[in-house]
Each structure stands twice: as C-alpha cells, then as structure tokens.
Amino acid sequence: MGEIVAFQDEFRQALPNVTGNVDYKIFRETLARITELIKLSQIDRKVMAEAIRLSQEEYNKSRQTEGKGPKKLTNKEKIRIQMRARRVLRCGIARHLTGDAYREFSCRLADSALLQNFCLIDRLHQIKVPSKSKLQRDESLFEEGFLREVISEVIQQAAKAPETEEDTQALGLAEAVSLEQYFLDTTCVKANIHFPVDWVLLRDVTRTLMKAVRLIREEGLLNRMQDPVTFIRQMNRLSIQMTHTRRQKDGKRSRKKVLRLMKKLVAKVARHAVVHRDLLSNRREETRFTENQANQIITRIESVLKQLPRAVCQAHERIIGERKVANSSKILSLYERDIHVIVRGKADAEAEFGNTLLVGEQADGIILDWELYKEKAPADNHLLKRSLERIAQHYQCRPGSVTTDRGFDSASNRRYLKKAEIENNMCPRSVEALRERMQDESFCEKQKRRGQTEGRIGILKNEFLGNPLKSKGFASRQMNVGWAVLAHNFWVIARLPQVEDKDRQQPKAA
C-alpha cells in the first residue's frame, strides 16, 4: 500500500433543507449513514493507499520506458490522487445504489445536491461532475480482488463485538452481525444481448461492418460501392421476410430461400469491409483519425470478419441442414464471447444467456461471498467447498451452518461439512431423506429462511447490478459485480439497528 499524506478538506456547500418527501428523507439518511460507515471502517484510507500504490507503479513504468529510474510521487501529487480515490469510492457506491447507467448517473449527479455532497464534489467555487466515460474509467481503477478485500474488511468490523460493556461496536451497530449461518445459491447474470436467433447474427454482421465502412468513407477513403446504408436496408428487408415465413404455408422452404439471399448479401458486405479496412490501414495519415481511433475501427472489422464463417455455418446447419448445433460450438453474440447457455428450468425462462453467479449471504442479508464464472460453471454441488474456503481465507472463520437448495447436495459435500464440523442444512435430493429431515425443527427453520436468499439475489441483480448487466466484456462484468456487492452491503448495514449513544468514537482525519 502507498503512504497516505494528511490533507485538509476543501470548503463545501451546505445541503438544502428539503421536507415533504419520505423517499427523499430515507435516501438522504441512508447516504448519511453510509458516509458514517465509510469513516468508521476507515476503508477510504485503504482505498487512498491502494490508489497511490497503483499510481506509483504506473509512474515508474512510464519513466522506465523513457530510460529513467524510479522516482517517488510528490506530496502534492499524492493528495490529488487521494482526493480522486475518495471520490471514486463514493461515486461507485452511489451509482450502484441508484441503479443508473453511467450516462444517466452523470446527469443525475449534475442535478442532485444530495449526491454531490455524498460524492464530495460540492465545492464552493465549482462543481465539476465526472462524465460517463470518466465514471467508467474510475470504477476500473480497482480490481475485483481489491474490492473483495474492502468488502471483507467492512464485514469483519460489522461482526466484531465490543471488547467491554463501555465500548461501542466498531460500526456503531446495536449488535454485531453474526457469521454463523451461511445461505448459498446460484443465478444467471444475463448478458445485454438479443435472443441469439441464428440468422440475426448475419444482420448484426451487416450492421457492424457497414457502420465501420461508413466511418471510413466519410474521411474520403472511397472504393466503388453502393451507399453502406443500402446494404443495411436490404438486410433489414430480408430479416422482416424471415420473420414472416413462419406464417406462410410452406414456411421451411421460404426460410431456406431467404437465408440463401442473406448469405449472398453478407458475403458482398464482407468483401467491401476488407477493402475499406485495407484502405484505412494504409492511408490512415490522410484522415482525421488518431492511431488509436483507426485501430479501434480496424479491430472491430477484423473481429466480426473472424466470426463470420462460423456464424454463416451455424445458420446454415440450423435452417438449411436442419441439424442441431452443440451449445459449446454456438456463437451467442458477436460482441460478447464469454457467455453461455445456462439451462435454469425457470417458469419464465427455460434457458438464459450469460454467466453463472454464486452468491452467499448471512442471516441479515449481507453478502459474504460471490463468484462470477467466466467459463461454463460446474454443477452447484462442486461450488460449495470453494466458497467455504474463500470464507475461511477472508474472515478467518467458518460458518456454523450451511443452508442450500438440493442442487448443492452430494455425498462428498456431506462428508466435507461433517469433517469441518459445520451443521449440514442442505436440502437432500432424496425424497425419503427430505421427509426425514423435515422432522428436524432447526432444518425447517433454516430452509424457510433460505427462501429469502432468492429475494436477495433478485435485489442484487435488479436494483444494484442491472438485469441484464450492460457491461461489455467479462472483466467489466466481474468488476461491476464487485461494486454492486460493496454498495449492497453498505445499504444493508446502514439499515441495521444502531446504538442509541450518539457520542461514538470518530476516527482521526486523513
């Protein structure tokens, strides 16, 4: 961790006195309590130290490329980094509390004195609101592993009981939270894609390539062809025809006919894209594009062209060949690669498209452990041991009981819990075993409480994360899950009963 430099806060604006709206009052009190929790837990100091460490490493790398030796950051630079780190922490928490996307949150932040106060940008002389792009870059400053450390530190302080009767709980809670009971379940974090119909991939190819070609042509790099918009319109007409084939008498033959026209059109589109990609690559200096902008367009074209043969083959196999394609070989999206077909068997969705998320909570609803799986996740019964090992690593303890649905039950898990001396409240797969366990009052009570874990997952996904999650790329989705868990846990702890004594010990200023 980097060394923190003491600094004095800037003068800030006073919040207006607003009355008449209960929801605003609750939200304001929640933000005030979260601000208090941040100060009491002193995680802002941890965040500032990490930001200084990252900046120092980046600064030394840049000097190394210039042939210079390492050099320490000045105190003035460290103070600037610390102020930014505090703002990043609060903006990340506030954005996930509101459930807004980056653009909407930036606009809301510009219009809300309350959020400006919470995010520490309400300076007297100027209120500078971060843009949507800056918000996204700022949240990417800290890795998911560091966010996990911050979350575990806050939970450990919430679970720490006062040493004497005169002392108050570390976070000002009436009672320390308990880590004895552990409830575990999995869900699917849906990706922000349309339903992966095979022929729709060809429409996506056409749109992406022709939009890229249009950008290149607008810079004066021309090759003989029709207007790129014409190809998009032709593909849209074919897509409409494909949609209406199911209503026709001879629908199968019509679908095959339309798909052949689509394949013909997309091949022509690909040829034009290759020519314009080469034009941009060889004559980039004649355009207004920077090198990074040109590389972005070229990468976009090459990424789609690379996937085009598989997309065409997949549509051909399904529609013309009338053959099934294995899930492992399917392209679900041209833009999101690390997503999978997850068969959930739910009433509203037999199958979902995204990544498996493991969520484990304690009795008050505080999320203790989570894991978003990049590859296709193993069966639930293989996830329990890893989760408990992470609990032991981050909290230096094991829960007293584990409660799950029947998907986690297995002979190996039962043996593992027995060896670790953890009470087993997993729902048995066997009907006879379940009937026998239902005679146990403690088991019934824990299983009844487990129903709230479904609601907890719904709150995390719909209110804090977004359903579907709009982040692009697995690393971004993983990072957003970490921020959502952090904001969620602060929200839960902020609503727990507090000690009546208001004279709590305040930590020293940074």
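Which residue does the side chain of Arg 53 meet in a salt bridge? In this predicted model, the partner is Glu 50. The N to O distance is 2.7 Å. Both residues lie in helix α2, which spans residues 43–65. They are three residues apart, so about one helical turn separates them. Their surroundings can be described by relative accessibility. Arg 53 has a value of 28% and counts as partly exposed. Glu 50 has a relative accessible area of 8% and is buried, because buried means under 20%.

A second salt bridge joins the side chains of Asp 138 and Arg 84, at 2.8 Å from N to O. This pair links distant parts of the chain. Asp 138 belongs to helix α6 (residues 132–139), and Arg 84 belongs to helix α3 (residues 75–98). The two residues are 54 residues apart. Asp 138 is buried, with a relative accessible area of 3%. Arg 84 is partly exposed, at 30% relative accessibility.

Strands also take part. Lys 190 forms a salt bridge with Glu 352, and their closest N and O atoms are 3.7 Å apart. Lys 190 sits in strand β1 (residues 181–190), while Glu 352 sits in strand β3 (residues 351–361). Here 162 residues separate the partners, and the pair again links distant parts of the chain. Lys 190 is partly exposed, with a relative accessible area of 28%. Glu 352 counts as buried, at 10% relative accessibility.

Some salt bridges share partners. One network formed in this way joins Glu 144, Arg 148, Asp 369, Glu 371, Arg 386 and Arg 390. Across the whole structure, the search finds 33 salt bridges.

Terms used
Residues are numbered from 1 along each chain as its sequence is written. This is a predicted model: local features need pLDDT of at least 70, side-chain atom pairs count only at pLDDT 80 or more; totals for chains, interfaces and linings use all residues. Side-chain values use heavy atoms; hydrogens and water are left out. A salt bridge is a side-chain nitrogen of Lys or Arg within 4 Å of a carboxyl oxygen of Asp or Glu. Helices (H or I, at least four residues) and strands (E, at least two) are DSSP runs, numbered from the N terminus. Buried means under 20% relative accessible area, exposed over 50%, partly exposed in between (1.4 Å probe, protein chains only).
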